[in-house]
Amino acid sequence: SGDKLVFLADIDNWPHLYAVPAGGGKPVLLTPGNFMVEDVAETRDGSAIIYSANTGATSGDFDRRHIFRVGVDGSKPQVITSGDSIEWTPVAADDTHVAFVSTGVRRPPVAGLVSLDGKDRRELIATDRRTAESVNYHHPSREIDRRNERSIGRNAQQSARAAAGPEAAAGIHAEPVDMPTRQIGNDCAVE
């Protein structure tokens, strides 16, 4: 990150982010507190680090994960997500947004998107037609249209269940089932 080296270390008995000048020097603690920093990514401009940690202002946050941002210059960490949901695996989606995985008590994990200042948060779920129909998956050699991918994935899943037997077809697994891999194109496979 510019002229700083940012790293995750357990210097104060908690996994935290530290920064040192690229030329050497004493580490500066960027994320103080009694919590664990986990998933870490750099903003596109390299001025800040986005990360997930088990802390926040909501009761019970020690058992949850939220997304934060801290400048590599040592500025105070800023909250990006909060509340009673869980967010992890942040990545810089573009210059002003963070993508992440989010879940809640009554909601399975979904992709989420929020601005770096924590505003304009939304979950990118299949029922959001604007999102579901506009997303194209990128492959090194081509784009896979989401509508085709859904039908390929559904057919592959049905084929795998049928090959595993009637219990798997019904979604019942009494013991681990070795699911076959099916080639669906150049360098792409569905398990």
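Glu 123 counts as partly exposed, at 22% relative accessibility; here buried means under 20% relative accessible area, exposed over 50%, and partly exposed in between, with a 1.4 Å probe and protein chains only. Its partner is Arg 121: Glu 123 forms a salt bridge with Arg 121, and the closest N and O atoms are 3.0 Å apart. A salt bridge here is a side-chain nitrogen of Lys or Arg within 4 Å of a carboxyl oxygen of Asp or Glu. Through shared partners, salt bridges join Glu 87, Arg 121 and Glu 123 into one network.

Before going on, a word on the model. It is predicted, so local features need pLDDT of at least 70 and side-chain atom pairs count only at pLDDT 80 or more, while totals for chains, interfaces and linings use all residues. Residues are numbered from 1 along each chain as its sequence is written, and side-chain values use heavy atoms, with hydrogens and water left out.

**Salt bridges**

Side chains of opposite charge can pair when their charged atoms come close. By the rule above, the count comes to four salt bridges.

| Asp 61 | Arg 64 | 3.0 Å |

Arg 121 lies in the loop between β10 (107–115) and β11 (122–124) and Glu 87 in strand β8, so the pair ties together parts that are 34 residues apart in sequence. Helices (H or I, at least four residues) and strands (E, at least two) are DSSP runs, numbered from the N terminus. Glu 87 is buried, at 0% relative accessibility, whereas Arg 121 is partly exposed, at 29%.

**Two buried strand residues**

Ser 52 lies in strand β5 (residues 48–53) and is buried, with a relative accessible area of 0%. A contact means heavy atoms within 4.5 Å. Leaving aside residues up to four places away in sequence, Ser 52 touches Met 36, Val 37, Glu 38, Asp 39, His 66, Ile 67, Glu 87, Trp 88 and Pro 90.

**Loops and surface**

Which loop holds Asp 120? Asp 120 sits in the loop between β10 and β11. Asp 120 has a positive phi of about 60° although it is not a glycine, and Asp 120 is exposed, with a relative accessible area of 65%. Asn 13 is also worth a look: its phi is near 75°, a positive value in a residue other than glycine. Asn 13 is found in the loop between β1 (4–9) and β2 (16–21), and counts as exposed at 69% relative accessibility.

Another loop, between β8 (86–92) and β9 (97–104), carries Asp 94, which is partly exposed at 31% relative accessibility.

**The protein in totals**

Stepping back, the secondary structure comes to three helices and 15 strands. Of the 191 residues in the protein, 30% are buried. Among contacts between residues at least 6 apart in sequence, 25% join residues at least 24 apart. The protein exposes about 11800 Å², and carbon and sulfur atoms supply 51% of it; accessible areas come from the Shrake-Rupley method with a 1.4 Å probe, and for residues only the protein chains shown count as cover.
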